[in-house]
Amino acid sequence: MKQKKEKRYSFARETFARLFKNKLAVFGLFVLCVLVLTAIFADQIAPYSYDEMDLLNAYQFPCKGHIFGTDEFGRDIFSRVVYGSRISLKVGFIAVSISVVVGGLLGAVAGYYGGWTDNLIMRAMDVIMSIPATLLAISIAAALGAGLTNLMIATGIASIPTYARIVRASVLGIKEQEFVEAAKAVGTRDFTILRKHILPNCLAPIIVQATLGVAFAILTAAGLSFIGLGIEPPTPEWGAMLSNARTYIRDYSYMCLFPGLAIAITIFSLNVLGDGLRDALDPKLRQ
Amino acid sequence: MNDFLRIEDLTVEYRSGRRHVHAVNSLDLQVGEGEALGFVGETGAGKTTTALSILRILPNPPAKVLSGKVIFKGQDLFQLSEREMRAIRGEEIAMIFQDPMTSLDPVKTVGDQICEMIQLHQRCSKKEAWQKAGDMLETVGIDRNRAGEYPHQFSGGMKQRVVIAIALSCRPSLLIADEPTTALDVTIQAQILELMKDLKKQYQSSMIMITHDLGIVAEICDNVAIMYAGCVLEYGSVFEIYKDPRHPYTRALFDSIPDVNRDQERLKVINGLPPDPTDIPAGCPFHPRCPHCMERCKTEKPEAVHLNETHWVKCFLAREEGRRAHE
Amino acid sequence: MSEPLLEVRHLKKYFPTKSGMLHAVDDVSFSIEEGKTLGLVGESGCGKSTTGRVILRLHEATDGEVLYRGKNILELSPREMREMRRKMQIVFQDPYSSLNPRMSVKSLIEESLLQRSRGMSSAERERRVLAIMDLVGLERRLAHSYPHELDGGRRQRIGIARALILEPEFVVLDEPVSALDVCVQAQILNLLMDLQKELKLTYLFISHNLSVVKHISDQIAVMYLGKLAELADHETIFRDPKHPYTKALLSAIPIPDPTAHPDRIILEGDVASPINPAPGCRFRTRCRWAMPECAESCPELMPNGNSIVACHLYNGGQK
């Protein structure tokens, strides 16, 4: 057991060593760390509370007291963006985890066993896919009721088919390779083959898709919040803030700018990090 | 020595990051008119790189020709413009690739693919070209009525025939065949080799046959160049090389093939591995694996020793053996 | 004559395809004695690899029996079969795709031990891995390398080590040297022969290369389109080939001697499709001696001299 730990450690260390050679990926990782820290220490960072209204100071352009300005109720946008990182990151990551785990498992089983198992799972996925993802999320959220948890579940379920398809496709390719047959020949159990040989080899497309998925989840959650099925109004959420601010885009464009920028930066850093991870995880590129 | 094709001091390198792969190292070689030269060597010996640099279709980057000349019919191909070079490719020098499955376009009929080649280099109507394409198919032993079919309707051997038909459609004076039968079964390989032998007689074109199979070379080639780590170690006619191999590497190569006609307990093997192309040993590239390695082999590059007009070998021992025989 | 270790009886493997049944292996029977090597030769698509895989139950057979020390392994339960795999191993052709690129040399070789001997301590496993690496000629310092860092010969040694660490009795070698250069090929062939002597292994050596097969095998079986054409010891088959296909196959080998001018039999056309094959001899479409009866019935394997041949020429037909 001790042996195993040591090996894992060195594998992770090697992966990180390669990741750190990629400057863009390091930048992505850095930004993401900053965001996570912001979310954790939001109470300390934000100068105001996210729901503190000050109608006298509504519609203020960025100034000394409110570096991102204030919104229509006079709430400090900077504080709301800071607190919003909590909600958005949570929604993004948890929703994607739900879809990666469920979708990945379904896809792996479908691809590995084939035949009627495959047919059953993939036709079910087709049914889900035939409904537009946002619409599906809306219906699930409507059925489960509003709220943060339900929002994450709804967003997660909506993108399960995407992961199932991706994983199934790569499993289909990998299971034909001789090393899988070789594992069978030494008497390895199906589950071990899936876990040890097949899934690690389809990590790359999952990671790339998952980073894009976080973006999609954040946006879907925003959409749901907008129509009242997600976050309740005073809670700051970047998507919801963006949707609200749309009304004032002509006169008070800064209200859109900051939550928009927050989303864009998060997604950009996730994407470059995803690319970097994919390269770092590929042992063939190791030199 | 005639001046049909002469390669002088060719050096090609692949660069990826800080790694420099020395694929071809000051290679000298000539091919006479109507002659078939066999290029023999292991994977990574630089056979294909040499062939691609003759046609100037090396992927650049990462490949880079560092020095050398390729003189074809009196002109240096490296000095030509891209436009002049295009005229030479296909019309003067044609190439057959290893894998017939991937070297044909799957969405075009084979007839169209031959026509395309003909019309690229010759002024003729579509109808004439189609006529010629049919003739070419017949030459390689395919019914001309199949010209309207797509590559997937042909078997592997038939596809390779189509590839040969395309290569020969402009009657090139030099044909480069890069492992043309490696992807095929033995009985199909025999068919293709038979066809190539016939065509060689019929067309009188020169040929460079790249292969790792010494049997194929014996059958089809006039001369052989033994390649190792990007240079030619020994060159001579097939009779000289097969009956009297002089370089230790050539000898070892012959020893390592199982002979159908002889019973051997064990195969003789060359110890070690081909050199890392990023770090080719100083002196004779073969010295770390050579059973007769001497001190000077480690530092000094052996020059070609001409044993007679056609046969030369880059080994210090050859001269000494010669001297001893002389004495 | 000793008891055969492995006996294959009327083995069949059909694959359903859109255009009909693909007869990959069609009624193949042979046996291998303990400590000997049977070479299985044929062109691509003749079913030789499928035969090897069906014997190891990597594919399930359609029909037939595989007797291992007299016991039909096709009837074993999955649990019994897992136990059986300890004794029967396979080395694959492609040393590139048969090794998981994400595992180090040590973990690749160790994998089968982890599956088998759960109680084994890691020190003991390490000792066994290093011992087997020594045996197949892999330097110990490579234990933590990854397959893509190694050359083809070393990778194939990993494949061999992985197969041998469970101390099997029977090994299927599926084109183990086809992807290698001649010099490396010679090294691996020598290694396989040494290991056979040392560990008393029984081999089924599958290859398309007749000269390699001849070098390593005691007996050679020639396959054509899912059926055995001829079976004989390695000398007889080269000295006195009986089946027209064997003759053609032998004469097609290019001989590395410019003075030799072999009397070559060039086969016309291509291999017929193995999907829904017509009755009669599979080879008759390319055979120069095809007779009317070849189209009517499929020739049985019959003893003829020192060989066993499936051809009507020798079964009462005129030569």
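Of the two pairs of chains in contact, which chains share the most contacts? They are chains B and C. Keep in mind, as you look through these views, that the model is predicted.

**View 1. Where chain C meets chain B.** Let's begin with this contact. Chain C brings 30 residues to the contact, and chain B brings 35 residues. On the side of chain C that touches chain B, the elements giving two or more residues are α6 (182–199), α7 (210–216) and α9 (244–251) of chain C. Look for α6(C) in particular: with six residues, α6(C) gives the most to this side of chain C.

**View 2. The kinds of residues on the chain C side.** Now sort the residues by class. The side of chain C that touches chain B holds 17 nonpolar residues, along with six polar and seven charged ones.

**View 3. An open sheet in chain B.** Here you can follow four strands of chain B across the sheet, in the order β2-β1-β4-β5. Their pairing is antiparallel. At the edges you will find β2 (19–31) and β5 (75–76) of chain B, each of which pairs on one side only.

**View 4. Strands β1 and β2 of chain B.** Zoom in on one pairing within that sheet. Strand β1 (residues 5–16) of chain B pairs with β2(B) in the antiparallel sense, over nine bridges.

**View 5. Chains A and B.** Finally, see how this pair is placed. Chain A and chain B do not touch. Their nearest C-alpha atoms lie 10 Å apart.

How values were computed: Residues numbered from 1 in each chain as written. Chains lettered and ligands numbered in written order. Predicted model: local features only at pLDDT ≥ 70, side-chain atom pairs only at ≥ 80, totals over all residues. Contact = placed C-beta atoms within 7 Å. Nonpolar A, V, L, I, M, F, W, Y, C, P; charged D, E, K, R; others polar. Pairing = 2+ DSSP bridges.
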